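Subject: Structure for your review

Dear colleague,

Please find below the structure that I am handing over to you. I would be grateful if you could look through it alongside the notes that come after it.

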Amino acid sequence: MGRLGCSRTTRCTARHAEGFRSARRSLLPICAAVILAVAGAPSAEAQPTDYPSRLIQVYVPFAGGSASDVITRILLNRMATSLGQTFVVDNRPRAGGNIGTAAAAHAAPDGYTLLMSTSGPLAANKSLFRDLGYDPLKDLAPIGLFAVLPNVVVINSKLPPKSLRELIGYAKTHPKELNYGTVGVGSSQHLAGAYFEQLTGTELTHVSYRNITNYTPDFLSGQVPLGFQLLPNVIGLIRNGDARALAVASSKRMTALPGIPTAAEAGLPDYESSAWLALLAPANTNKAVIDKLYAAVVDAMNDPKVRTLFVEQGAEPLVLGPEELRNFMASESAKWAAIIRKIGIEPM
């Protein structure tokens, strides 16, 4: 022990300290590289190879049993088969679909909260409301469009007009006497009716209802005998003869109504108004999740049974991918902004 004397220990410790400092200096670049690699590496959540591992909630910003709700459930049932996971629909109606859409837009972007929304909350409402509570293009990640529902011009079958031209003539000789019903200001039906007035120079009276169930009795009684309705809302009335379909507000005839002309064929060119249904997620949802969900949408829409069910409900199957949907939302927003300005509807 004496041979190790204090002075030798001090020199030894100094050499060890210097060696440690040297080693630390040499390790710093390695540590920094490791830290950067770890920071830049995708997390387990960002690479969801096991997605979906639990049930998925889907906000539908309209009432249960509505056209959009029924068609969405058809799609989700088939997607559940592809993904091996359950979808739970959460209906959140009110405010033209804005409340449910906003709730989904501000949910966690983990792939377990999705949104089915339509042309109103995703495009037209931007010009109809001063504050949506969300930005459709910034706060939502498009997954895919899956259906289009053209508005159908329908009247109570007891009314005289048998064609669209006759309806226009009748409306002009009975200004403000024809009531048309919708499910609210800014709804697809309301915009279709207001656009019809603007194009034809007619004056109609808008009657707003809480839901389609409340509108139907007044349509049947003749109090509100006109509608610019989505086909699922009136297909039963057309089939049993209580409603007469005069024209479809789309560029081509509907599969479910092959004998009904388009508005252009019936003498009113440029009159096109449709609701469309799309699936979205909160912004910043992982692209791998978006791609997996879109693949499930495509699988579902390639199923002949799903397409048949859509047509039976009055919807036209149509698929647009994430980027196509984003561009479509932007173009639809611009289109309806211009129409709303011409119609003169003031933002709420």
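Predicted model: local features only at pLDDT ≥ 70, side-chain atom pairs only at ≥ 80, totals over all residues.

Helix H4 (residues 119–128) packs against helix H11 (residues 322–343) at an angle of about 35°, and their axes lie 8 Å apart. The crossing of H4 past H11 is right-handed. On the H4 side, the contact involves Leu 122, Ala 123, Ala 124, Lys 126, Ser 127 and Leu 128. H11 contributes Met 329, Glu 332, Ser 333, Trp 336, Ala 337 and Ile 340. By class, this contact comprises 8 nonpolar, 2 polar and 2 charged residues.

The largest pocket has a volume of about 740 Å³. It is lined by 36 residues, of which Phe 62, Ala 63, Val 183, Ser 187 and Arg 210 are the closest to its centre. The lining has 16 nonpolar, 18 polar and 2 charged residues.

The second largest pocket has a volume of about 350 Å³. Among its 19 lining residues, Val 148, Ser 250, Ser 251, Ser 274 and Leu 318 are the closest to the centre. H11 gives the most to this lining, with 4 residues, while strands E4 (140–156), E9 and E10 (316–320) each supply at least two. By class, the lining has 9 nonpolar, 4 polar and 6 charged residues.

With kind regards

Note on methods
Residues numbered from 1 in each chain as written. Heavy atoms only, no water. Axes fitted to C-alpha atoms, helices over the stretch in contact; angles between N-to-C directions. Left-handed = near helix turned anticlockwise from the far one by under 90°. Contact = heavy atoms within 4.5 Å. Nonpolar A, V, L, I, M, F, W, Y, C, P; charged D, E, K, R; others polar. 1 Å grid on protein atoms, 1.4 Å probe; cavity = no way out; pocket = protein on both sides within 12 Å on 5 of 7 lines; lining within 4 Å. Points joined across faces, edges and corners; volume = space filled by probe spheres on them.
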